[in-house]
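Let's walk through this structure together, beginning with the RNA and then moving on to the helices, sheets and a few backbone details. Have the coordinates open as you read.

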Amino acid sequence: MAKTDGKNGSRDNGEETGRDWRETLFLPKTDFPMRAGLPNKEPGHIERWAEMNLYQQLREHGKGREKFVLHDGPPYANGNIHIGHALNKILKDIIIRSKQMSGYDANYVPGWDCHGLPIEWKVEEKYRKKKLDKDEVPVNEFRQECRDFAKGWIDVQKQQFQRLGIEGDWDNPYLTMNFEAERIIADELMKFAMNGSLYQGSKPVMWSVVERTALAEAEVEYQVKASPTIWVKFPIQTGRIKNLTHEINTAGQDLDNMMYSDASVVIWTTTPWTIPANRAIAFSKRINYGLYEVASVEEEGFAKVGEKLVLADALAESVQKAAKIEELKRLGDVDPSDIETCSHPFVGQGYDFPVRLYEANYVTDDAGTGFVHIAPGHGADDYIVYMANQRQFAADGITEVPLTVGADGYYMPDVPLFGGDDPKLVINQKGKFDNANPVLIEAMIEAGALLAQGKLKHDYPHSWRSKAPVIFRNTPQWFVAVDKTIEVGNTKGTLRDIAMNELKEVQFIPETGRNRITAMVEGRPDWVLSRQRAWGVPLTLFVKKGTTKYIPSANFANSDKLMNNINQAFAKDGADAWFEDDIKERVLAGLVDNLDDWEKVTDILDVWFDSGCTHSFVVEQRESLKREAGKRTANLYLEGSDQHRGWFQSSLLESCGTRGRAPYDAVLTHGFTLDKNGRKMSKSLNNVVDPLKIIKQSGADILRLWVGSVDYQDDQKFGQEAIRTASDAYRKIRNTIRFMLGNLAHYDEARRVGNVADMPELERYMLHRLHNLDKSIREDYAAYDFKKVFATLLNFCTTDLSAFYFDIRKDTLYCEAEDNADRLAALTVMDEIFNCITAWLSPILAFSMEEVWLSRYDEAANPKSVHLRQFPDVPDTWHDIEIAKKWRRIRKVRRVVTGALEVERREKRIGSSLESAPVVYFENVNVQELFEAFEGQEAADIFITSQASLKMEKAPGGVFRLDDVADIAVLPDMAQGKKCARSWKVLPDVGSDADYPDLSIRDAAAARAYDQKHS
RNA sequence: GCAGAUGUAGCUCAGUUGGCAGAGCAUUCGGCUGAUAACCGGAAGGCCGCAGGUUCAACCCCUGCCAUCUGCACCA
């Protein structure tokens, strides 16, 4: 009893003999540091993986397995990587690694998008600094500079991606600017030429008259500008009033047949110069319109008393004001769909086509008249209206988008009134609006078409470079028709239909992506492929002068030869070949009667076509990525959700148009990374988090763990706190594994407990847990639910291992004799836990699990890298539902005991739980099962007390209970006996062995065994 | 403006067919000192975005609103 008087009883370890028993214990022994020092260590792993050629070894290991093809969407090669890249690549890497470890051959071939405008800009910028004119440099010299620029950033990004721990074919990535890629891209384009869906049409683009070039949205900036505004009358030609008010009704008119003969539809515009291009008027069904009569006017103006106008009701007042109308009488409701056609203001002067009314959902009644004038050649919306009603336009004799303004800003010669020999000018070379607007307004006044005019200050697009205003102008472009029936292999239908059908087959993760892309494909216009630029893959076509006939095409007999020639030229020189002067001679000579009849197309392809082709020049071309015949090209495409409009769609259309099916089985999207407050990261907000900085400060594995822990399908917040959370989780996992490494230092393969049945139940319970985990981890990886993998494993580490199993087994592991069966079983199980956890975590913690693996095995590691492993096969013999049930009961009781001990601690009666010997009362048959669960178990071990007793009887008063565990009570008695100097347990048998007077019998025996071995 | 998504503890996330709001981490208090810049335990912490509705009962179902994000349209 002597040494059990509360806290001080534990202060004399080793005193009686003076011996330090530590050497006789099997304490954890490891060099594996608690602090990771990831930023310093990770580059070493990267080097080692390169030296051992891990990538090649992974391929060897994967040979013969079913392939899992995650096809990389190419980032654009023009800057350092940002957090979005990091998220994207890490997700891909986790998938690739987990698939490889799940028994697939999962190769990752990273790629880059290299062509396109942004790179061209940068190079042009350089030129400008050097006062060079791009147009004076030979095209291929310019292209070479673009190529060099892209190459520079590819090298930078490659390093950065590798630093993130992304495993893949970095020595042989795909680049859209590789000659072979350029060759195949051109070849793919020619497939569209051959199936007839490629055509030359025209489309309004932003055009800078000063620079004589089309501009992309990104090359345009908006500046405030004053524009003239005009209200123009379009007299109604045909149409019917159906819904007049009583007032008119009583005037005795023939309602059913009353024509709008004396009424006009009024439009409003800020661009008078587009009136010659007008071909229609748009209205909205959501707007209420009325027929109005000018009853009286304020002063002599454009409005005439008695004339009738159709206007949106909400805007009638503003029109009244603008036109200086004193009284405007509403005569009745108008449904614009009852109005069939109007005549153009310049009818009879060369503008004799009908101006039809069309419904367009974008029309609003917050400005103007509720009617929008449609000039298909001078506005994006206008063009859409045109495209949507192409058939009707054609029936009216409007067979193509009217081209009224030339590249120089002058009206075209064939434009009545304003073209001809003395064409009017819209915008002059100084970037100012010229005489077109005033002349137009004057002509409208003369025609009696003007109702009112004014001025408006508004945002107007200007060229980024010249600061001159731009105009919308239709220019010839190359399109892929989405609604023309084509034949692709066995599939016949329109490109849109084929794509829509395929979308039904594709798996979307999350499912909402399906609606998103389906809606887009359903409503999209024809695909504009051409760009009037230099850095890209050209449209490898020749057009017969003066016609729209192009080759190669299905009805040109020598198409195959031509395509073959082009392919050969590209294989040798890349797309640069096209820009050489002799290319026509080189590929077309002998195939046509007269070379001079044919003109080379100089446009380049939209870069989205490039990337839309990656499946063809990457996945289909590499043996390591080829799936079995009959399967879609790739299993999975994974990008940010913005790619529904981008890569997912361009790839879908390209593949459906050439192969008749989607290039992917599944599409997985992730959200965007926002700052810690959920705001978009932007330079102006100064809230951009640089992944490279995080790597430098905390390590790539912290970033990887963060990626593995968040709901990436939604947008994610990211900031210091997120890093700290990830670091905390990392530390917990690291230390749990470190504890295993320390104990496994004593593990001996030869002394494994081979048979599960020979193990203590606690060990079998842990094996059962592993069996369960194996199932859920595999499922979660397969479902790409990494945060669940993370949560499951972190929870396992804290709740099952650290706080339960390891805590309980410390005594067994440290104190039992070397050959003690329980100890060997515990080590065996720990080895299994180690095997599982390191494998399960290595897709996410790619660096740290390698560090752990090498820390344990070093040179003897087999395999040489944790990443060459498979997820361990977990034998079904581990599954034991009965033991699981039983131990859930035991843990329930344990909670009550722990609670009781806590009270003792708070009251300062005990410090360590080993000073206690609790008595657990099972008071009722309700808890009989709980009581019986302890049969054959060392309850004291489980409670981590020195002694314990269980009683199936009513507890005395005043004992401890937990609210949610009925009929269990715990009396936290003090342990009887002396404290064993070796195990620190308080036991009555301490001192029974004369050779070891300060030890318990168990410890004396273990110490003796140790001493004999070491004497 | 239109469409979609999201909103649960300080953070990251669970929440089954409606049935007493959960976990890990962080915080705080305590214990241990043989996992030690570690480990164990206790506690505190929530108008489940807001407001209605359905229901005996709503985080969950319905309606509206708010906030954030994404995409589209940014206009005549």
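Which polar backbone atom is 2.5 Å from a sugar or linking oxygen of RNA strand B? It belongs to Thr270. Before going further, a word on the ground rules: this is a predicted model, in which local features need pLDDT of at least 70, side-chain atom pairs count only at pLDDT 80 or more, and totals for chains, interfaces and linings use all residues. Residues are numbered from 1 along each chain as its sequence is written, chains are lettered from A and ligands numbered from 1 in the order in which they are written, and side-chain values use heavy atoms, with hydrogens and water left out.

Asp714 places a polar side-chain atom 3.2 Å from a sugar or linking oxygen of RNA strand B. Two or more residues each come to this surface from strand S7 (263–269), helix H13 (512–523), helix H21 (720–744), helix H23 (786–815) and helix H26 (881–906). These elements are DSSP runs numbered from the N terminus: helices are H or I with at least four residues, and strands are E with at least two.

Taken as a whole, 61 residues surround RNA strand B, and the closest are Lys680, Asp715, Arg738, Lys787 and Tyr814. A residue is near the strand if one of its heavy atoms lies within 4 Å of it. Of the RNA atoms within 4 Å of the protein, 77% belong to sugar or phosphate and the rest to bases. The surface has 18 nonpolar, 17 polar and 26 charged residues, where Ala, Val, Leu, Ile, Met, Phe, Trp, Tyr, Cys and Pro count as nonpolar, Asp, Glu, Lys and Arg as charged, and the others, Gly among them, as polar.

Next, look at how H23 and H26 meet. Their axes come within 14 Å and cross at roughly 80 degrees; axes are lines fitted to C-alpha atoms, for helices over the stretch in contact, and angles run from 0 to 180 degrees between N-to-C directions. H23 and H26 are therefore roughly perpendicular to each other, a label that covers 65 to 115 degrees, while angles under 35 degrees count as roughly parallel, over 145 as roughly antiparallel and the rest as oblique. Thr799, Asp800, Ala803, Phe804, Asp807 and Ile808 in H23 touch Trp887, Arg891 and Arg894 in H26, with contact meaning heavy atoms within 4.5 Å.

Four strands form an open, mixed sheet in the order S31-S30-S33-S32, where two strands pair if DSSP finds at least two bridges between them. Strands S31 (949–951) and S32 (960–962) stand at the edges with a single partner strand each, so one side of each has no neighbour in the sheet. S30 (916–922) and S33 (965–974) run antiparallel and are joined by 7 bridges. Within this sheet, Val920 stands opposite Val970 in S33. H26 packs on the sheet, touching S30, S32 and S33, and its direction makes about 45 degrees with that of S33.

A second open sheet has 4 strands in the order S1-S26-S27-S19, with parallel pairing. S1 (70–71) and S19 (507–509) are its edge strands.

Finally, some backbone details. A cis peptide bond joins Ile509 and Pro510, and Pro510 sits in the loop between S19 and H13. Another cis peptide bond joins Asn862 and Pro863.

Note on methods:
Polar contact = N/O pair within 3.5 Å; in protein donor to acceptor, adjacent residues only side chain to side chain.
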